[in-house]
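Please load the model in your viewer and keep a selection panel at hand. The tour below goes from stop to stop, saying at each one what to select and what is found there.

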Amino acid sequence: MLKYICKRLLLSVLILLGVSLILFVLIQNMPSSFAENKINEMNAGGAIVDQATKDAIMKMYDMSYGEWLMRIVTLDFGESFTQSMPVVDVIKRDMFVSFLVAAIATVFEFMIAIPLGITAATHQYSFRDYFVTVLVMIGISLPSFFFAQVLKGIFSSGLGILPSSGLGDATQSATGFAYVLEYVKYLVLPILTVVILSIGGRMRMTRTNMLEVLNSDYIRTARAKGLKERVVIFKHAFRNTMIPLVTSLAGLLPSLFSGAIITEQVFDLPGIGNTAYDAMIVGDVPVIMGYNMFLALLSIIGVLLADLMYAVVDPRVKLQ
């Protein structure tokens, strides 16, 4: 196990180097340049921008790959052009909101999707199965920006029971539990949006894998021995169904911290996804590069954890 982990860590370093090179080349060829936009704004404001000032701004913007690589090694991604603070601090500041929304949504997603997927598989072609299929189609088909606007129209504009955007009211003076409750009200619609749009894929995966396992020989043998159906389903069938689910967990870790960019935009949440989108629009290179390297690192960690979980779920898997 230790030898396997060391090999994967060495491979992860090579992957991160490749990601950093690709990311550097792509960012350097962005159509939007913060330096050029800044110079154009100064010209539009009536200021006379001499060549020395232009060179100073472009020098701040330009960076060689060697300098970028050294920053990665020292975890110094530079300073945000627009927010005048280190990129690491920007990520730390905005990461909590995105993590809170994603973590709560993920818990509800698994609590809803997996039981529904199991009941659809064990009652194939019944009303339950068709009901789950409809939910899957809704979750997969609806665009997040459209569904978020529908929820805002119903619960905010229509019923007026939930706020439509932001994360708190500046005029709110509540403290203690009342403050927490007020804070939670702003997260209900974003979490609901993420949950409903994500359970479809998870339910479909659970149902498909469960049906495949239920048709296996060892399941028929377990039933022939007279085991209770509940034992057959949850002790024997579901454990093998968990193997593909573990594979999907590789992308869970980066999704917890990456932020739902479109959802955060619609609900105007101060999350890391919203910040990354704004940085992309204005060409804030340090934030864009730091954010993407952060996600690349989380993705590698997520894949490693998923591989380790295989040995836990399936004793036949030996990591060497």
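Throughout this tour, buried stands for a relative accessible area under 20%, exposed for one over 50%, and partly exposed for what lies in between, with a 1.4 Å probe and protein chains only. The model is a predicted one, in which local features need pLDDT of at least 70 and side-chain atom pairs count only at pLDDT 80 or more, whereas totals for chains, interfaces and linings use all residues. Residues are numbered from 1 along each chain as its sequence is written, and side-chain values use heavy atoms, with hydrogens and water left out.

**The whole chain**

Begin with a cartoon of the protein, whose secondary structure comes to 14 helices and 0 strands; helices (H or I, at least four residues) and strands (E, at least two) are DSSP runs, numbered from the N terminus. Of the 320 residues, 39% count as buried. Switch to a surface, and the accessible area comes to about 17800 Å², of which 67% belongs to carbon and sulfur atoms; such areas come from the Shrake-Rupley method with a 1.4 Å probe, and for residues only the protein chains shown count as cover. Taking a contact as heavy atoms within 4.5 Å, one finds that among contacts between residues at least 6 apart in sequence, 73% join residues at least 24 apart.

Leucine 11 is found in helix α1 and, at 41% relative accessibility, counts as partly exposed.

**The nonpolar cores**

In soluble globular proteins, nonpolar side chains tend to be buried together. A nonpolar core is here a set of buried Ala, Val, Leu, Ile, Met, Phe, Trp, Tyr and Cys residues joined through side-chain atoms within 4.5 Å. Select next Leu23, Ile27, Trp68, Phe77, Met289, Met293 and Phe294, the residues with the most contacts inside the largest nonpolar core, which has 25 residues. Helices α1 (2-28), α4 (65-73), α5 (87-122), α11 (252-258), α13 and α14 (285-313) each supply at least two residues of this core, and the largest share, 9 residues, comes from α14. Centre the view on phenylalanine 294, which touches Ile91, Met95 and Phe257, not counting residues up to four places away in sequence. Apart from this core lies another, of 22 residues, among them Leu151, Leu187, Val195 and Leu197.

**A nonpolar patch on the surface**

Which residues form the nonpolar patch on the surface? Select Phe145, Phe146, Val150, Ile154, Leu159, Ile161, Ile261, Ile262, Tyr277, Ile281 and Val282, which together have about 960 Å² of accessible area. Patches are made of residues with over 30% relative accessible area and no salt bridge, like charges being joined within 9 Å and nonpolar side chains (Val, Leu, Ile, Met, Phe, Trp, Tyr) within 5 Å. Helices α7 (144-158), α12 (261-267) and α13 (272-282) each supply at least two residues of the patch, and the largest share, 4 residues, comes from α7. Isoleucine 154 lies in that helix α7 and is partly exposed, with a relative accessible area of 42%.

**Salt bridges**

A search of the whole structure finds 5 salt bridges, a salt bridge being a side-chain nitrogen of Lys or Arg within 4 Å of a carboxyl oxygen of Asp or Glu. Select arginine 93 and aspartate 94, which form one with the closest N and O atoms 2.9 Å apart; arginine 93 counts as partly exposed at 42% relative accessibility, whereas aspartate 94 counts as buried at 5%.

Move on to arginine 202 and glutamate 109, whose side chains meet in a salt bridge (2.9 Å, N to O). Arginine 202 lies in helix α8 (residues 177-214) and glutamate 109 in helix α5, so the pair ties together parts that are 93 residues apart in sequence. Arginine 202 counts as buried at 13% relative accessibility, and glutamate 109 counts as buried at 8%.

**A buried aspartate**

Finish at aspartate 129 in helix α6 (residues 127-141), which is buried, with a relative accessible area of 2%. A polar contact of 2.7 Å joins the side chains of aspartate 129 and arginine 207; a polar contact is a pair of N or O atoms within 3.5 Å, where within protein one must be able to donate a hydrogen and the other to accept it, and residues adjacent in sequence count only if both atoms are side-chain atoms. Aspartate 129 touches Ala120, His123, Gln124 and Arg207, not counting residues up to four places away in sequence.
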